[in-house]
Amino acid sequence: MANADVIAASDDKLVRLPRTPNVDDILKKYFAARVKKNNKLSEAIQEILSGLRCYFDKALRAMLLYKNERKQYEEVSAEHIPPSTVYGAEHLLRLFVKLPEILHDANIEEETLLNLQPKILDLLKFLQKNQSTFFLSTYQTPEDLDSEIKNDIKA
């Protein structure tokens, strides 16, 4: 990424982007953990995770960003990098809030939705179990991040 100092805002608090781990990394870790438990489900899990990644990349701009994050998104998207490789768990969680609406609009069969629900819940439990690894514990003010970025450039 050309500008590693891009930031995202939430309630006037900021997160430095790109996030580590990013959404793509988190989904890969979940896949590895589930396949380790039950290799027979690997194809089904991979399909679900690919769909979630696709929904995340498409929905981020349209419905997952706060108003004050849009400028940051424009900077990142100008580089044609998939959002799932830049954003982290904080934004992924927003997808799960919107997922019922997204899936309803996708006209997915009821039986498929019923099969999908426990898998989505399992992924949410995985996020919760690993929250200290995936989520930031604190956000920073824009001034703090600007100062940190300037210090990184000098170093």
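This is a predicted model: local features need pLDDT of at least 70, side-chain atom pairs count only at pLDDT 80 or more; totals for chains, interfaces and linings use all residues.
**Salt bridges**

Side chains of opposite charge can pair when their charged atoms come close. The structure holds six salt bridges.

| K28 | D24 | 3.3 Å |

Start with K28 and D24. Both residues sit in helix 1, which covers residues 23–37. They are four residues apart, about one turn of the helix. Their surroundings can be read from the accessible area. K28 is partly exposed, at 49% relative accessible area. D24 has a relative accessibility of 13%, so it counts as buried, the limit being under 20%.

Now take R34 and D122. R34 is buried, with a relative accessible area of 14%. D122 is partly exposed, at 25%.

R94 lies in helix 4 (residues 89–105), while E69 lies in the loop between helix 2 (42–64) and helix 3 (70–77). The pair therefore ties together parts that are 25 residues apart in sequence. R94 is buried, at 12% relative accessible area. E69 is buried too, at 1%.

Salt bridges can also share partners. In this way D24, K28 and R53 are joined into one network.

**A buried serine**

S84 lies in the loop between helix 3 and helix 4. Is S84 buried or exposed? S84 is buried, because its relative accessible area is 1% and the limit is under 20%. Which residues does S84 contact, leaving aside its neighbours within four places in sequence? The contacts are N22, V23, D24, R53, F56 and D57.

**Two helix pairs**

Two packed helices are described by the angle between their axes and the distance between the axes.

Helix 4 and helix 5 pack at about 170 degrees, and their axes are 12 Å apart. An angle over 145 degrees counts as roughly antiparallel, so helix 4 and helix 5 are roughly antiparallel to each other. Helix 4 contributes L92, L93, F96, L99 and L103 to the contact. Helix 5 contributes L113, L116, I120, L123, L124 and L127. By class, this contact has 11 nonpolar residues, no polar ones and no charged ones.

Helix 1 and helix 5 pack at about 110 degrees, with axes 11 Å apart. The range for roughly perpendicular is 65 to 115 degrees, so helix 1 is roughly perpendicular to helix 5. On the helix 1 side, the contact residues are I26, L27, K29, Y30, A33 and R34. On the helix 5 side, they are K119, D122, L123, F126 and L127. What is the make-up of this contact by class? The contact of helix 1 with helix 5 has seven nonpolar, no polar and four charged residues.

Key: Residues are numbered from 1 along each chain as its sequence is written. Side-chain values use heavy atoms; hydrogens and water are left out. A salt bridge is a side-chain nitrogen of Lys or Arg within 4 Å of a carboxyl oxygen of Asp or Glu. Helices (H or I, at least four residues) and strands (E, at least two) are DSSP runs, numbered from the N terminus. Buried means under 20% relative accessible area, exposed over 50%, partly exposed in between (1.4 Å probe, protein chains only). Contact means heavy atoms within 4.5 Å. Axes are lines fitted to C-alpha atoms, for helices over the stretch in contact, and angles run from 0 to 180 degrees between N-to-C directions. Angles under 35 degrees count as roughly parallel, over 145 as roughly antiparallel, 65 to 115 as roughly perpendicular and the rest as oblique. Ala, Val, Leu, Ile, Met, Phe, Trp, Tyr, Cys and Pro count as nonpolar, Asp, Glu, Lys and Arg as charged, and the others, Gly among them, as polar.
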